Amino acid sequence: MPTTSRAAVSPVSPVSPVHGRLALAGIGAAVLIATDLHLRLSAQISPIWQTLSEYVYGRLGDHSAARLFAVMCLALALGSLALLAGLVKARRSPAVVILLGVWCAGLTICATVPVDPNGEARSFDGQLHNAAALTAFLALPTAAWLLTRRGGRSCPWEPRRTTIRRLAVASFASVAVVLGGFVFTLLTGPAQQEVTLGLFERLLFTVDLALLLTMVRPLVAASRR
């Protein structure tokens with residue numbers, strides 16, 4: 001009498017290629033806008049010393065770059081929201097979903113509440129922006145780590161568990177460097193700035209983009225099975 005292996009009949013978490021494609025579209029749009037900002041504002045905003053948030057004070061001809069920066073953040077938030085919806089459908093841990101929701105909310109706040117201009121007094125809006133950014137950048141790698149905490153053979157994210165966790169660790173390390181540099185700048189003042197906050201923040205941004213894409217990939221890969 002023929003037997004069927006347990007692996008062959010083990011349930012596989014349902015995944016949604018549609019959510020995966022929407023996530024890629026949002027992330028891709030954010031990358032394109034970020035690239036455009038870097039190229040067109042290279043003479044105004046230093047990618048070495050100034051943070052991404054300071055693009056809101058750049059000028060594109062007669063217009064402010066603030067709206068384009070906001071669209072970039074919102075595109076990334078919407079792409080991440082599509083990933084979140086895909087994780088809900090795949091019945092991932094509620095903690096992962098909540099943390100990814102915190103990431104999306106943080107991006108939305110960064111899009112709508114501007115950072116304080118460099119060298120000026122700290123305002124409530126500026127502090128809110130900084131707190132939202134820090135919370136978001138901590139929530140994403142935590143969500144990624146928990147996503148692969150109890151993976152099994154039937155878990156779509158299990159084959160990428162090592163990559164996701166390495167990127168999560170790299171994200172945490174980058175946050176620590178950026179936060180340390182930010183505190184150092186607050187204590188010494190912008191005139192004594194010796195930490196390349198802009199460069200390290202862009203490294204963090206790149207790591208988190210890679211992390212998001214790695215988390216999205218199992219959703220998109222489902223359409224090729």
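I looked up the largest nonpolar core, and it has 63 residues, with Leu76, Leu83, Trp103, Trp157 and Met215 making the most contacts inside it. For the record, such a core is a set of buried Ala, Val, Leu, Ile, Met, Phe, Trp, Tyr and Cys residues joined through side-chain atoms within 4.5 Å. At least two core residues come from each of α2 (17-40), α3 (66-89), α4 (94-112), α5 (124-147), α6 (161-188) and α7 (197-221). I then checked Met215, leaving aside its neighbours within four places in sequence: Met215 is in contact (heavy atoms within 4.5 Å) with Leu83, Leu140, Ala144, Leu147, Trp157 and Ile164.

**Ground rules**

I note that this is a predicted model, where local features need pLDDT of at least 70 and side-chain atom pairs count only at pLDDT 80 or more, while totals for chains, interfaces and linings use all residues. Residues are numbered from 1 along each chain as its sequence is written, and side-chain values use heavy atoms, with hydrogens and water left out.

**Whole chain**

I count seven helices and two strands, taken as DSSP runs numbered from the N terminus (helices H or I, at least four residues; strands E, at least two). The order along the sequence is α-α-β-β-α-α-α-α-α.

**Cys73**

Is Cys73 buried or exposed? Cys73 counts as buried because its relative accessible area is 6%. Cys73 sits in helix α3 and, neighbours within four places in sequence aside, touches Leu107 and Ala111. I also got a C-alpha to C-alpha distance of 9.8 Å between Cys73 and Ser53, which are 20 residues apart in sequence.

**Outside**

Next I went to the surface and found a nonpolar patch of Leu134, Leu138, Phe172, Leu179, Val183 and Leu187, together about 490 Å² of accessible area. The areas are Shrake-Rupley with a 1.4 Å probe, and for residues only the protein chains shown count as cover. Patch members need over 30% relative accessible area and no salt bridge, and nonpolar side chains (Val, Leu, Ile, Met, Phe, Trp, Tyr) are joined within 5 Å. A salt bridge here is a Lys or Arg side-chain nitrogen within 4 Å of an Asp or Glu carboxyl oxygen. Both α5 and α6 give two or more residues to the patch, and α6 has the largest share with four. Leu138 lies in α5 and is partly exposed, at 36% relative accessibility.

Definitions and conventions
Buried < 20%, exposed > 50% of the residue type's maximum accessible area, 1.4 Å probe, protein only. Patch = residues over 30% accessible without salt bridge, like charges linked within 9 Å, V, L, I, M, F, W, Y side chains within 5 Å.
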